[in-house]
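Dear colleague,

Please find the structure below, together with its sequence. My notes on it follow.

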Amino acid sequence: SKLHQVGGAYQVQPPQYETWLKWLQEAGTPEEFKSVCRGVMGAHASTKERLPILDEIYTGIFKLLPPVRSVLDAACGLNPLALPWMPLGADARYYACDIYTDMAAFLNGFFELVPQAGRASVCDLAASSPDQRVDLALVMKSIPCLEQIDKQAGVRLLDGLQNRYLAVSFPAKSLGGRSKGMVENYSARFEELAAGRGWQVLGELAFFTELVFVVDCKG
């Protein structure tokens with residue numbers, strides 16, 4: 001129940017999954033489809049914060065990596081709707097997981113409308129890590145949430161993921177808009193998480209809402 005409490009804090013408004021999926025299905029052009037995606041992402045606090053940097057954040061992440069053919073989006077929220085902004089080939093596979101069954105069903109409907117094969121499932125990352133073996137794991141602003149429940153949950157998640165590359169991000173400001181000390185605190189937390197893992201940090205991307213580290217986990 002604590003996990004659902006933490007997740008519920010990010011719901012800007014009650015989800016309207018059937019309506020949203022209908023809008024996506026009725027979009028007539030790629031630009032209309034992206035416009036609907038942006039509108040829907042605005043209903044979740046985490047992806048709403050990402051909207052002003054949507055054109056930059058994924059360009060910046062993927063520019064640091066070789067071609068990516070499989071992605072895991074852990075504790076995804078509505079982030080899979082950013083797929084149209086990700087430079088992925090049509091043969092790429094996209095896995096997503098979160099705690100809500102209705103959200104997973106909506107995302108599976110979304111995946112039927114995009115070139116990439118995708119699958120969303122229900123997961124409790126505080127208890128176990130997804131078992132998909134992928135090129136890239138996206139762990140976007142989720143470690144601080146997990147560590148509210150269990151201080152070791154972030155470490156266990158990173159230990160359990162089966163990925164070559166990792167994009168892990170932290171909020172640069174709170175849900176209430178406060179930013180004092182957050183970048184410094186989360187930079188230090190990333191250093192703690194990375195210590196002793198043999199990772200090669202390929203880049204650090206600092207945006208006004210989010211701090212992203214891109215890592216080669218095999219060094």
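Between which strand and which helix does the loop with Ser 142 lie? Ser 142 sits in the loop between strand E4 (133–140) and helix H7 (143–149). Helices (H or I, at least four residues) and strands (E, at least two) are DSSP runs, numbered from the N terminus.

This is a predicted model, in which local features need pLDDT of at least 70 and side-chain atom pairs count only at pLDDT 80 or more, while totals for chains, interfaces and linings use all residues. Residues are numbered from 1 along each chain as its sequence is written, and side-chain values use heavy atoms, with hydrogens and water left out.

Ser 142 is buried, at a relative accessible area of 4%. Buried means under 20% relative accessible area, exposed over 50%, and partly exposed in between (1.4 Å probe, protein chains only). Setting aside neighbours within four places in sequence, Ser 142 is in contact with Ala 74, Ala 75 and Ser 169, contact meaning heavy atoms within 4.5 Å.

Leu 72 belongs to strand E1 (residues 70–74) and is buried, with a relative accessible area of 2%. Beyond its neighbours within four places in sequence, the contacts of Leu 72 include Tyr 95, Pro 130, Val 134 and Leu 161. Leu 72 and Asp 131 are 59 residues apart in sequence and 9.8 Å apart in space, C-alpha to C-alpha.

In helix H8 (residues 153–160), the residues Ala 153, Gly 154, Leu 157 and Leu 158 are buried. Viewed down the axis of H8, its buried residues fall within an arc of 130°, so they line one face of the helix; the arc is that of the directions from the helix axis to the C-beta atoms. Their cover includes E4, H7, strand E5 (162–171) and helix H9 (182–194).

With kind regards
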